[in-house]
Amino acid sequence: FVVSSSPPSSCARMSSSRTFITTNTLIETVDTSAQYTPEQLKQALQNLLDDSDNPAADGAHLYVAPDEILSKLQEITATVCLDYNNYQQLPTSPSLQHLEEAAKVFAQTHGPLLSLQQVIQQQAPTMALAAEFKRASPSKGRMAPENTSAAEQGMRYAHAGANILSVLTEPRWFQGSLQDLTDIRLATNDIQNIGKDNRQRPAILRKDFVINEYMIAQAAAAGGDTVLLIVAVLPLHLLQRLMHYARDTFQMEPLVEVHTTDELKVALQAGARVIGVNNRNLHTFQMDLQTSERMAAFLQKEGIVYQHGSPYNQQVCLCALSGMSNAMDVHRYRQVGIGMCLIGESLMRASDPVAAIQNLCLHPEDWEAQTNVSSGSIAAYTAGTQIVKVCGITNSHDALKACQSGANLIGIIFAEKSPRKVTSMEQAKEIVQTVRQFGERSSRLEFPATTATFSNPLLHLTQQARILAQTATPQRPAVVGVFQNQSSEYIRSVCEQAGLDVIQLHGSEGMAAANRDLYNGVPVLRVVDIPSSSETHDNSDSPIQTLLQSLTNDPMAILLDTAVPGQQGGTGKTFDWQLALELQNQGLPVLVAGGLTPDNVADCVASTRPFGVDVSSGVEASKGIKDHVAVEQFLQQSRQAARDANRGF
Ligand SMILES: O=C(O)c1ccccc1N[C@@H]1O[C@H](COP(=O)(O)O)[C@@H](O)[C@H]1O
């Protein structure tokens, strides 16, 4: 598809008999340079409660920090309140009535608002997707280059299958604007009957900290179909008032966000029809993917019909709003009746958002097809170089850079004689902590152990490869501990103490040692030694047959590395990649290691199309210390080569 080259100009004129207003005037945003004292911020929050008849009851669900320090969510909300107080007092700011009229004109010119509830329900049995345009966030910082075009990204999302486009418009912490929202709406406005499901234009959500009618009217005037209302910062009376205003004035159905069952009760009491569960606690930024399931269980217990595609009169649409990045996440929520997933960061960071959306398997049949692996489906797991491992990480700074560059696996070496061996358990724990924080998780990643394909090791390893790629994503990387001829007791104890997600066995431990049962369920990458390129001459000695014959169900994946006599890994030497290609052709997905660098990884990917690549010494500034530019280049080169290889596939 062609992305519209000329996104709507910010000075597109809208007129009515009584008003003549430019989009520019409307979307001029608040002045974000003002600084407020903690007292002013607290007073602003108090003011939200003040016009309630019963402040204690209306605000009972609102968060009170034990030490009276405002949470980030409260700080942002209070700042928005004060910024809007200032802005609305400016003589140049449009009045509420002005905005309401401009919204009418927008609808007359560009078509009526879409109902969020209908958009979600119409997708069943497919999970509706809200793809988010987010330039930055308070927890992750900037996630899109400065000049990213909102219109182009919105078009990409829409064509790839998004039904809703969620646009962060908050300027201070998220670097958003109403301009982005208008650009996205106008760029996608004429979409009709796209995709095999004949999708219409996506609904546009203003994702912000909406605290008054004015912000809702702004959203409608700028081209938004709906707004987010966050229960955690709105007293009940205000939530009700804003919801009615949105419905009565614009026929807009808001998305009401909750995080706890108390908040869910408030949303229901207020009459919310579309409820989004934020898996992230916005006061603490703690992520828990089970939050959505807990809310679904509550609705079920209360006998509220919320299930997506229910043949009964569906009272509420339930949506999952954060932390998801892959088809497994989508599937787990589909199973409890959730109808919409909102995905932000992982799409913003995806080098290929179209592929990323396709990989979500929003339609149940796509999920079935993907999980039902056959030996013929190996290509699906190899083409694309799903896994990039950056190994030999010895400090958390390097770990963070590798995560930010998009690695799936972060390797810490525990092998005795390695110059890259991590210096202490404390250091290892810090690295694990950094990687977990980056992926917003507080516990070890779970890699389900499948048994259905146990009779066929090739099929089994293909199935496990899929699980590895779906679980250890660049958004939620895994930590791999590299061991070499060390006892299983030792490995178990290091795994426990450091909190490793995966084990790599890099010695002569044998295939049976790669059984996760030996390590309390932590899965294993089994390294297979391949002679270096300079030593591989005789095809009859090819290690392929030996490997295929020795293959068992024990490992989660096979990693090929160059064997150099007298050395023990991290050799910096390549082997003949043809062997990797042959193994893949026989149905075995492999990770390729050994002597890879930013300069040769594209060649390796193009010629081998491996399931994954692994680098240690090739991206170092000195032994054990990473060169961040080289790490970034390695990731870019391998992902780009994978995309190129896929194109010709
Ligand atoms: O890197 C090491 O020092 C090391 C020591 C002992 C076992 C494995 C080691 N590294 C592994 O070697 C490969 C590739 O390394 P390189 O890119 O050739 O330097 C990789 O799997 C590392 O995990």
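View 1. An oxygen atom of the ligand is 3.0 Å from a polar backbone atom of Gly 572; a polar contact is a pair of N or O atoms within 3.5 Å. The model is predicted, so to speak of local features pLDDT must be at least 70, side-chain atom pairs count only at pLDDT 80 or more, and totals for chains, interfaces and linings use all residues. Residues are numbered from 1 along each chain as its sequence is written, and side-chain values use heavy atoms, leaving out hydrogens and water. In the side chain of Lys 389, an N or O atom is 3.1 Å from an oxygen atom of the ligand. Ser 617 brings a polar side-chain atom to 2.5 Å from a ligand oxygen. Taken alone, the ligand exposes 510 Å² (Shrake-Rupley method, 1.4 Å probe), and the protein buries 100% of that.

**View 2. Here is the space around the ligand.** The ligand takes up the space of the largest cavity, a cavity being a set of points on a 1 Å grid over the protein atoms alone where a 1.4 Å probe fits but cannot get out. A molecule sits in one if more than half of its atoms lie within 2 Å of its grid points. Strand S18 (557-563) and strand S20 (612-615) are the elements giving two or more residues to the shell; strands are DSSP runs (E) of at least two residues, and helices (H or I) of at least four, numbered from the N terminus.

**View 3. Meet the shell residues.** Of the 24 residues around the ligand (a heavy atom within 4 Å), Ser 418, Arg 420, Gly 570, Asp 614 and Ser 617 come nearest. The shell divides into seven nonpolar, 13 polar and four charged residues, with Gly counted as polar.

**View 4. An annotated span comes into view.** The unreviewed UniProt entry annotates residues 90-360 as "domain: Indole-3-glycerol phosphate synthase"; such annotations may be inferred rather than shown by experiment. This span is 41% helix and 15% strand, and its end C-alpha atoms lie 46 Å apart.

**View 5. Two loops deserve a look.** Most peptide bonds are trans. From Ala 124 to Pro 125, the bond is cis, with omega near 10 degrees. Pro 125 lies in the loop between helix H6 (116-123) and strand S3 (128-133). Gln 175, in the loop between strand S6 (164-168) and helix H8 (178-188), has a positive phi, near 50 degrees.

Conventions: Polar contact = N/O pair within 3.5 Å; in protein donor to acceptor, adjacent residues only side chain to side chain. 1 Å grid on protein atoms, 1.4 Å probe; cavity = no way out; pocket = protein on both sides within 12 Å on 5 of 7 lines; lining within 4 Å.
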